Amino acid sequence: KRQRDEQPEIPCCKTLIMGKGAGCSSSKPQGSTNGDQATQGTPKMVKKACLICIDGWGLREDTYGNAIAAAKTPVMSGMMKDYCFAPVDASGLAVGLPEGVMGNSEVGHLTIGAGQAQFQDLVRINLALKDGTLGKKEGIVGACMAAKNGTGRLHLAGLVSDGGVHSHQEHLYEVIRAAKELGVPQTYIHCILDGRDTAPKSGAGYMKQLKDKIKEIGHGTISTVVGRYWAMDRDKRWERVQKAYDVICRDPNEGEVIGCPVAELEKRYAFETPETDEFILPFVCDATGGVADGDSFLFFNYRSDRMREIAECMGVEMAFESAKERKPCLVTAFTQYKSGWDNIPQVFPPQIMSNGLSEWVSKKGLKQYHCAETEKYAHVTFFFNGGTEAVLDKEDRQMIASPKVPTYDLQPEMSAAAVGEDMAATIAKGEYEFVMCNFAPPDMVGHTGVLDKAILGVEATDKAIGVILEACKANNYSLFITSDHGNAEVMLTEDGKPVTSHTTHPVPFIGYDPEGKMKFNRNIGELSDVAPTVLTYMGLDIPGEMKGKSFI
């Protein structure tokens, strides 16, 4: 039974059509072609390929605090030694992010699937910030004018940090400036704390920076503070979302008012059982700062997946019963949180990438299969397919349920074994020319900051990869393995504190050829090189849109 997950409503096509048997042909590419030439010269027989995208598996020589180095990984270690291997860049400009910025699951899968790096929303927003046009964007002006011409109240909500994965505080500051310049009477800020892509107790520092910036600008009020565990769920745990929503939409003078968020956070950090940023229970900083009917609301997170649920409740449809249900006059999002939400304008509308790996395989008339557990299902579908929701022709998908636990250190193996078994069974059928999957544990357990549990997650992933490798060997499939970004290889700071964020380390790219003929032509590359390599091995031409270079 397919569960609803955190991602766009993507049909799960499981009515499988038996395909013709695929044999082996030359792996030499036929050259780059344009999209309108995709079906011309399609080979009658291609080599079959399997691609694994591990989440959060980076390469780092230092073994201190390194869950991957500490884990028993006979499969991955053996493949890096015995088969084609090269480290590839998965951060910064290599995935369309600013130089030196750690990668993430969204941009990683997008780059792998597209065969090219596209400037991501963070870069687009930063360019607008740099040239002074951010505050003049139609979406921001519209949100401010709706407030000015209505109740006089503008609400801003998002992750307040400089982590750069979901949002950036500099963007918030510029929106506050724009609100002042456009004459908005009251601007209330509902602050979501990070603690995963930043240090677990860094929120107090970010709140101090925000307070100082508000004083400098002379506009804005901190209204609410809440941890991302509550406000940024993505697995339909609506009881969490409601806890944040009800406080953000509180009645006037409802709840205890905390005068200083910095002092309150420092107090909670000092509890016998510390309450860290990610798990901060919501508290009120302004008695009249709750959302009222007719107010204007703007979400300033640019990454979509973890704002989708609370944005749905605020601007589309309530997913739970609440006495605090509000009807803002306008809800605006920095980016597209979900297609079809036509009533939610975007400051930065989506950019669609075409003729990526999945689309190209489909245009060749070949069958493909994508599999992941709930937490990463959209990454092997929506993001891997270039940011589009539609199921491609001859594309089948399978979602394996993620464990229903509060945090994944409680079940670090997650559903790795089930994903591996499903992929092995699919490969054994031989119906698909291209199959791919994701393994979530190194990233999701890495985010908990619990080193010994991350080690277990890494070992479970390695074991599942071994199951897939044996299936590939038995059924004449090649196997390519990479990762979207680093994470589990850095779990501790130098003084032994937990690290919960991604890294800028390179990630592995491994190639196994059942014929034993594959050889990589260089020893370093980028994530955008994965798709051209897979297509070249399969014997397919490379579309002109792909900028990556094949390793073979």
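Student: The charged end of which residue sits over the ring of F551?

Tutor: This is a predicted model, where local features need pLDDT of at least 70, side-chain atom pairs count only at pLDDT 80 or more, and totals for chains, interfaces and linings use all residues. Residues are numbered from 1 along each chain as its sequence is written, and side-chain values use heavy atoms, with hydrogens and water left out. A charge sits over a ring if NZ of Lys or CZ of Arg is within 6 Å of the ring centre and within 35 degrees of the ring normal. At 4.0 Å from the centre of the F551 ring, the residue is R522.

Student: How are the rings of F480 and F509 arranged, and why?

Tutor: Rings of Phe, Tyr and Trp (its six-membered ring) pair if their centres lie within 6.5 Å; planes under 30 degrees apart count as stacked, over 60 as edge-to-face and the rest as tilted. By this rule there are 15 aromatic pairs. The centres of F480 and F509 are 6.1 Å apart and their planes are at 20°, so the pair is stacked.

Student: Is F480 buried or exposed?

Tutor: Buried means under 20% relative accessible area, exposed over 50%, partly exposed in between (1.4 Å probe, protein chains only). F480 has a relative accessible area of 0%, so F480 is buried.

Student: Which residues do ring pairs link into a cluster?

Tutor: Ring pairs link a cluster of F480, F509, F520, Y537 and F551.
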